[in-house]
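Here is a walk through one model, helix by helix and ring by ring. Keep the structure open beside the text as you read.

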Amino acid sequence: MTETRDLDPEEWELWGAWTRAQRLLAQELDRALQREFGISKAEFSVLMTLWRAAGPELRVGELSESLGWEKSRVSHQLTRMEKRGFVARTESGAHGRRTGIKLTAEGRSAVQSAIIGHAGNIRRHFFDTLTPRQADAIRAWSEQTIERIESHGDVSA
C-alpha cells in the first residue's frame, strides 16, 4: 500500500483552482437556467433524463439510478415538479403498485426550450475557452477517473 502524503503547495493551488472553477461554472450555468428558463438544475436534470428515456416513462427507481440520487430526493423533486405541471405519475402492475413518471406536454416544452439555451451557455462558458488539446486532456482524464472509480470503487487506485 502506498503511503499517504500531503500535497505540494503547487498541487494544493491546482486543486483549489480546479474546485473553484468547477463551482463557479456550475453556479453560472444554474443561474442561467433559472433566469432564462425558470427551471432549476435539478428540474433540468429530471426533465432531460425523462426526455432521453427510451420509453414514454421511467419507474422512479430507474430515474433515481440514472440521476445518481437517493429515492427520497427524487420523490420530493417529483412532487414539486408535478405541482408545476412538468411531470405526471403513472401506475402500472397489480393494484397500481409500480409508480412510473412521465413528461407532460408542459414538461416536454420546458426541456426543449432549455436545451438549446443551456447548450449555448455550456459552449460559451466551457467549450469556447478550450483548445482542442485541452479538451482532449480533460476528456481523457475524466474518462480515466470515471473508469477507476466506477469499476473499483476506489479513488486511491
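## Two helices crossing

Helices α2 and α3 cross in a right-handed way; a crossing is right-handed if the near helix is turned clockwise from the far one by less than a right angle, and left-handed if anticlockwise. Bear in mind that this is a predicted model, where local features need pLDDT of at least 70, side-chain atom pairs count only at pLDDT 80 or more, and totals for chains, interfaces and linings use all residues. Residues are numbered from 1 along each chain as its sequence is written, and side-chain values use heavy atoms, with hydrogens and water left out.

Helices here are DSSP runs (H or I, at least four residues), numbered from the N terminus. Helix α2 covers residues 41-52 and helix α3 covers residues 60-67; they pack at an angle of about 115 degrees, and their axes are 10 Å apart. Those axes are lines fitted to C-alpha atoms over the stretch in contact, with angles running from 0 to 180 degrees between N-to-C directions.

Who touches whom? On the α2 side the contact is made by S45, V46, T49 and L50, and on the α3 side by L63, S66 and L67. Contact means heavy atoms within 4.5 Å. Sorted by type, the residues of this contact come out as 4 nonpolar, 3 polar and no charged. In that sorting Ala, Val, Leu, Ile, Met, Phe, Trp, Tyr, Cys and Pro are nonpolar, Asp, Glu, Lys and Arg are charged, and the others, Gly among them, are polar.

## Along helix α1

Helix α1 runs over residues 9-37, and at 1.5 Å a residue its 29 residues should span 42 Å; the end C-alpha atoms are 41 Å apart, which agrees. The expected span is 1.5 Å times one less than the number of residues.

Which residues of α1 are buried? L29, A32 and L33 are, where buried means under 20% relative accessible area, exposed over 50% and partly exposed in between (1.4 Å probe, protein chains only). Their cover includes α2 and α5 (105-125).

F37 also lies in α1 and, at 26% relative accessibility, counts as partly exposed. Setting aside neighbours within four places in sequence, F37 is in contact with A32, S113, A114, G117 and H118. Just after α1, G38 takes a positive phi of about 70 degrees.

## The tryptophans

A search of the whole structure turns up 3 aromatic pairs. Rings of Phe, Tyr and Trp (its six-membered ring) pair if their centres lie within 6.5 Å; planes under 30 degrees apart are stacked, over 60 edge-to-face, and the rest tilted. Two of the pairs are tabulated here.

| Pair | Centre to centre | Angle between planes | Type |
|---|---|---|---|
| W15 and W18 | 5.3 Å | 35 degrees | tilted |
| W18 and W141 | 5.8 Å | 75 degrees | edge-to-face |

W18 lies in α1 and W141 in helix α6 (residues 132-152), so their pair ties together parts that are 123 residues apart in sequence. W15 and W18 both sit in α1, 3 residues apart, about one turn of the helix. W15, W18 and W141 form one aromatic cluster. W15 is partly exposed at 46% relative accessibility, W18 is partly exposed at 36%, and W141 is partly exposed at 44%.

## A look at E82

E82 is placed in helix α4 (residues 71-83). At 34% relative accessibility, E82 counts as partly exposed. Leaving aside neighbours within four places in sequence, E82 is in contact with V87, A88 and R89.
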